[in-house]
Amino acid sequence: MEEKRIGVYVCWCGTNIAKMVDVEAVAAKIAKLPNVVIAKDYKYMCSDPGQEMIVKDIKEHKLNRVVVSACSPRIHELTFRKALENAGLNQYMFEMANIREQVSWVHDNREEATIKALDLVKGAVNRVNFHEALDKRSVDINPATMVIGGGVTGLSAALELADAGNKVYLVEKTGNLGGHVANIDLTFPGLNSAAEVLEPLIYKVNNHPEVEVYLNTTIDEVFGYVGNFESTIKSGGKEYELKFGNIIVATGLTPFDPGKISSYNYEKLPDVITSLELEKMLKEGNVVKKDGSEPKKIAIIHCVGSRNADYHEYCSRVCCLSALKFSNQLRSALPETNLFQIYADMRAFGKGCEEFYASTSKKDVMFLMYDQQGDLPRISKAEEDAGYEMGIEFYEKLSGEDIIVPADMVVLMVAMEAHEEAKEVAHAVGISLCGNEFYIERHPKLDPVATTTDGVYIAGTCQGPKDIPDSVSQAKAAAARILASIARGTVEVEVTTAVVNEDVCCGCQTCIKVCPYTAISFDEEKNVSVVNEILCKGCGTCGSACPTGAIRARHFTDEQILSQIEGLFSKEMQEV
Amino acid sequence: MSQKPKIKMAVYWGAACGGCCVSVLDVHEKLLDVVAAADLVFWPIALDFKYKDVEAMDDDYIDLTLYNGAIRNSENEHIAKLLRKKTKILVAYGSCAHMGGIPGLGNFSDRKGIFDRAYQTSESTVNEEKTRPQTETKMPEGTLTLPEFYNDVKTLDQVVDVDYYLPGCPPQTERLVEVFMAIVTGAELPPKGSVVGALEKTLCDECEREKTDEKVIKEFKRPWEIEDDGKTCFLEQGVICMGPATRGGCGARCIKGNAPCRGCYGPPSTATDPGAKMMSAIATMIDSDDPEEIEKIIDQVVDPAGTFYRFSLPSSIIRKTIV
């Protein structure tokens with residue numbers, strides 16, 4: 001067997017790691033482990049000189065395994081794997097120990113942090129001893145794309161891709177294209193018609209030779225992997241087998257149900273309405289109370305379901321500006337009406353938005369601030385002879401007084417929630433949700449529209465609350481990512497798939513049901529299970545379910561994992 | 001048989017029930033072939049040799065030793081080391097020597113716990129003086145000694161170097177004869193450390209029951225709680241069967257007797273810890289997504305530790321309870 005020669009590189013990450021971990025001591029200690037030929041520390045391993053150092057050492061010291069002890073592998077594993085490849089080493093002969101997110105950023109005792117860092121590196125070194133070279137697999141990219149969701153985001157993405165000459169399958173759950181923007185009258189801050197934005201998009205999509213639109217259609221399951229996905233969709237009683245190379249998920253949002261906040265008496269008091277209902281009235285040009293009469297006093301309450309630990313902690317980002325937009329529209333439609341903005345914080349970021357706030361505040365609108373941390377406003381029916389329908393009672397923060405605002409109509413600026421079926425779609429395409437059920441991006445800053453599943457992108461409000469320009473930007477960003485992959489023509493796929501040792505498999509078939517990708521079938525003749533490597537995503541579920549050990553999850557073998565645990569807990573070098 | 005000189009053979013029991021020694025006797029009329037080919041130089045259950053006779057032998061004097069039983073006390077260990085010195089081929093014979101076996105379940109407790117139970121709290125015991133076994137007891141006539149009872153049970157290979165493992169509780173006698181004949185006829189032996197007399201594949205491969213991928217369990221049942229049709233995979237009937245994680249080679253005798261596999265043949269070479277493997281496999285079969293319901297279903301497993309680690313605890317990753 002080839003002699004194992006391991007190089008270990010401990011990163012300072014500037015002061016990020018070095019201030020809490022004695023990186024020099026870690027490198028010095030690790031150098032004494034068996035098979036470790038060289039151990040170094042360096043300011044920024046991910047920098048060009050850092051990577052070049054690894055490449056040079058691999059060549060000079062004939063290293064055949066490398067451990068980098070730095071940040072999360074989610075950030076730089078691929079960077080260092082590439083460095084190995086540049087030095088002519090198989091990229092899987094690499095292991096990363098995360099001593100930043102898992103050590104320096106979360107501890108405050110330097111000595112103990114150093115011991116923990118040392119333990120993690122010991123685990124990584126132990127593991128890399130058992131790493132095996134794996135062959136790369138390159139697959140052709142099918143230039144077609146499936147776009148899930150026919151709102152402004154999905155439409156923009158579809159057109160971007162189709163205009164470049166690529167097939168797009170646009171799948172929309174409802175019977176109409178346009179999504180929530182179709183229900184909006186005017187957009188902020190320019191007060192332009194939303195229809196002007198949307199109608200040309202819909203027209204182009206419906207008439208584009210490269211776009212196939214499937215309305216009233218949902219996705220149950222998507223099989224395959226980047227470059228080669230497939231799915232059977234049901235549309236209008238017919239089944240369609242679609243094949244595509246990439247996916248854009250643009251499933252959008254669901255408005256918050258204000259019935260959950262009892263003090264607002266939504267659906268109990270007739271003239272407490274949501275921002276969506278007001279949009280509809282404005283669009284129809286008929287803002288009236290339930291009894292058909294004109295409201296003399298209209299109050300708009302902000303942050304309904306947003307920025308509140310009981311509902312959603314996040315800010316929904318568009319409600320403040322929408323509320324200002326309503327004030328403008330109502331001021332024009334009903335010049336005599338009293339308008340109240342009952343807000344918690346006015347958030348008017350974005351191009352032209354602060355200016356819009358300033359101009360709106362000059363239009364005879366009363367701004368009142370409620371305390372987001374205290375009790376929410378309470379809406380109740382006014383006395384018969386009060387001269388107005390409802391009273392809104394709350395502590396007005398700026399004046400420091402408890403007040404009652406009279407209103408004939410109350411508009412609730414409801415929060416944006418992730419789409420109610422976000423979970424189902426996530427399962428179908430194999431992506432993850434963050435805590436609040438919006439889809440999670442691969443990197444919040446550097447890769448905001450990709451997901452951890454190659455070939456699946458997210459755009460628009462399914463990723464988090466945002467306005468139209470941001471949604472469209474994401475749509476076009478996702479499309480650009482896909483166009484780049486189509487232009488390359490091929491893609492390298494992970495080969496860390498599961499493999500069955502037919503000499504050991506006993507045919508118990510425990511694995512078949514556990515595979516989330518239906519990648520395992522049973523060969524009756526040989527009495528063994530068979531993994532379809534094309535479908536396998538290497539999740540490892542079958543490997544842990546297999547009672548015989550016949551299934552190995554490549555790069556995550558029992559041997560590799562157990563040796564890592566052993567290194568982690570070994571009593572060697574526990575003091576610094 | 002050939003004119004070859006007879007080989008010298010020993011059989012010893014450590015912490016064992018005696019079943020392994022009986023399995024050697026179970027060769028029946030083939031015993032004639034055995035004694036034609038081998039001289040038994042040490043076998044406490046059947047022949048009257050003393051330890052000092054073994055001590056007097058030259059190193060490597062014995063060609064083949066079948067050591068059955070686990071290492072529970074200092075005597076087991078002492079004789080294991082002695083026989084290792086005197087033997088060319090040392091075989092861990094049976095589940096206890098191989099993996100710790102039933103005595104190995106003692107590792108869920110320790111010496112004190114076991115002594116308290118055995119000599120104090122068991123329902124049939126009256127021991128007001130709280131007498132416990134001692135390694136030395138001074139009597140007027142002199143000092144009496146007993147082997148030291150260890151805190152935990154070890155497998156044979158945790159105290160001495162082992163050449164081969166012949167698994168089973170007890171091993172199938174036919175397998176023993178095959179292995180024995182291979183040795184006496186000078187056939188090429190497998191690499192040191194191999195498990196012999198067993199298959200590389202697990203029991204399902206030779207089990208004749210019908211298996212599908214429909215292993216979904218809503219309720220765990222004990223064998224007497226099902227109306228077994230004699231054909232359907234036990235797991236598919238909700239009965240825990242260690243077959244998938246246990247080497248074949250036994251001829252599926254328990255299954256043929258309509259009892260699920262208990263795991264005595266141990267794991268295949270690809271699985272280090274059959275208990276962990278089987279728990280993990282069983283967990284995937286539970287037919288529920290509701291944590292509370294899953295908890296209820298799991299609670300139906302009577303004695304999970306003893307079920308999944310019945311024969312293998314001292315050789316497993318957990319090895320013993322840290323008391």
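In chain B of this predicted model, a hairpin carries strand 6 over into strand 7 by way of two residues. Strand 6 covers residues 136–139 and strand 7 covers residues 142–145 of chain B, and the two pair in the antiparallel sense over four bridges. If you want one pair to look for on the screen, take B:Glu136, which stands opposite B:Thr145 in strand 7 of chain B.

The domain assignment of chain B gives domain 1 as 7–103 together with 152–184, domain 2 as 109–150, and domain 3 as 203–315. Between the C-alpha centres of domain 2 of chain B and domain 3 of chain B there are 38 Å.

Chain B also touches chain A, and the contact takes 21 residues from chain B and 21 residues from chain A. Sorted by class, the side of chain B that touches chain A has eight nonpolar, six polar and seven charged residues.

That brings us to chain A, for which the assignment lists four entries: domain 1 (6–134), domain 2 (145–252 + 419–492), domain 3 (258–415) and domain 4 (498–554). The centres of domain 2 of chain A and domain 4 of chain A, taken over C-alpha atoms, are separated by 33 Å.

I would like to go through two open sheets of chain A, one after the other. One of them has five strands in the order 10-7-6-14-25, with parallel pairing. Which strands stand at its edges? They are strand 10 (211–214) and strand 25 (456–458) of chain A, and because each has a single partner strand, one side of each is left without a neighbour in the sheet. On average, and with direction ignored, neighbouring strands of this sheet are turned by 20 degrees against each other.

Staying with chain A, please look at helix 6, residues 152–163, and helix 12, residues 468–488, whose axes come within 8 Å and cross at roughly 35 degrees. The crossing of these two helices of chain A is right-handed. Helix 6 of chain A contributes A:Val152, A:Thr153, A:Ser156, A:Ala157, A:Glu160 and A:Leu161 to the contact, while the residues from helix 12 of chain A include A:Ile468, A:Val472, A:Ala475, A:Lys476, A:Ala479 and A:Leu483. Taken by class, the residues of this contact of helix 6 with helix 12 of chain A divide into 10 nonpolar, four polar and two charged.

Now to the other sheet of chain A, which is again open and has five strands, here in the order 16-23-17-18-19 with parallel pairing. Its edge strands are strand 16 (272–274) and strand 19 (365–369) of chain A, each of which pairs on one side only. Neighbouring strands of this sheet are turned by 25 degrees against each other on average, direction ignored. Strand 18 (residues 338–343) of chain A runs parallel to strand 19 of chain A and is joined to that strand by five bridges; in this pairing A:Gln341 stands opposite A:Phe367.

What packs on this sheet? Helix 9 of chain A does, touching strand 17 (297–304), strand 18, strand 19 and strand 23 (409–414) of chain A, and the direction of helix 9 makes about 170 degrees with that of strand 17 of chain A.

Helix 9 has a helix partner as well: the axes of helix 9 (residues 319–333) and helix 10 (residues 353–360) of chain A come within 10 Å and cross at roughly 40 degrees, which means that helix 9 of chain A is oblique to helix 10 of chain A. Helix 9 of chain A passes helix 10 of chain A in a left-handed crossing. In that contact, A:Leu321, A:Leu324, A:Ser327 and A:Asn328 of helix 9 meet A:Cys353, A:Phe356, A:Tyr357 and A:Thr360 of helix 10 of chain A. By class, this contact of helix 9 with helix 10 of chain A has five nonpolar, three polar and no charged residues.

Definitions and conventions: Residues numbered from 1 in each chain as written. Chains lettered and ligands numbered in written order. Predicted model: local features only at pLDDT ≥ 70, side-chain atom pairs only at ≥ 80, totals over all residues. Domains from an automatic or database assignment. Axes fitted to C-alpha atoms, helices over the stretch in contact; angles between N-to-C directions. Parallel < 35°, antiparallel > 145°, perpendicular 65-115°, else oblique. Left-handed = near helix turned anticlockwise from the far one by under 90°. Contact = placed C-beta atoms within 7 Å. Nonpolar A, V, L, I, M, F, W, Y, C, P; charged D, E, K, R; others polar. Pairing = 2+ DSSP bridges.
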